[in-house]
Amino acid sequence: MSFHEKVRGGRRGRSDRTQGRRRARGVCRLGAAILAALAALSGACPASTETNPTGEYQVKAAFLYHFAQFVEWPEETFKDAGSLLTYCTIGEDPFQGYLDVALNGKTIGARSFRVLHFRQSREIQGCQVLFIGAGEKKFLDAILTSIKGNSILTVGESEHFVQDGGMIGFCLEENKIRFEINLETAQRAKLRISSRLLALAKSVIGGQRGN
């Protein structure tokens, strides 16, 4: 190799390393921005969810979008990098269509979203995120049993949701929406939840506690 070729090669190597560092800094800034958004959402709940249920579910829809950015599904979950990430609800849809609106046009990398609504647990299929409303609490065991063995992130809002086997449970604390995580259940479903999301949780079963 000539001297000039070595110089050009060295410049390309430095350029590649510089671009790599810039991309890494960009990813870190994006991650920090998402975490800041999640932290802000924790204080965005209306003073009375009974008088403003629409506002409550707008906040929860935003949470659901951000949760997916901190969860890794097994490679075999998707056919390819462009496969849709599917959110599902079961029973009555407490979002009343707002989840569909909130996810419309958004992406994670090359992956877009779709929302499916199922009436009964035996119909559930093709989901990566399943929201289980408070109205389905009496059916929770049957729902969780019907999806056992699948890598589905379960998110709910009923009391003691994570203690009953769900993965991420919304809770109200001083009129703020917070969330708890059952890391053990997620790991059994082969899901990896980022430590950055765990750090924002009110509590974590099977791992570190949040703030």
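Gly156 has Gly169, in strand S7, as its bridge partner. The model is predicted, so local features need pLDDT of at least 70 and side-chain atom pairs count only at pLDDT 80 or more, while totals for chains, interfaces and linings use all residues. Residues are numbered from 1 along each chain as its sequence is written, and side-chain values use heavy atoms, with hydrogens and water left out.

Strand S6 (residues 153-156) pairs with S7 (residues 168-173) in the parallel sense over 2 bridges; two strands pair if DSSP finds at least two bridges between them. Strands are DSSP runs (E, at least two residues), numbered from the N terminus. S7 also pairs with strand S8 (residues 176-182), in the antiparallel sense and over 6 bridges. Within this pairing, Ile168 stands opposite Ile181 of S8. S7 and S8 form a hairpin with 2 residues between them, and Glu174 in the turn has a positive phi of about 55°.

Glu180 lies in strand S8. This residue is buried yet has no salt bridge. Buried means under 20% relative accessible area (1.4 Å probe, protein chains only), and a salt bridge is a side-chain nitrogen of Lys or Arg within 4 Å of a carboxyl oxygen of Asp or Glu. Contacts of Glu180 (heavy atoms within 4.5 Å), leaving aside neighbours within four places in sequence, include Ile168, Gly169, Lys202 and Ser203.

Of the 211 residues of the protein, 43% count as buried.

Conventions: Helices (H or I, at least four residues) and strands (E, at least two) are DSSP runs, numbered from the N terminus. Buried means under 20% relative accessible area, exposed over 50%, partly exposed in between (1.4 Å probe, protein chains only). Lys and Arg count as positive and Asp and Glu as negative; His and the chain ends are not counted.
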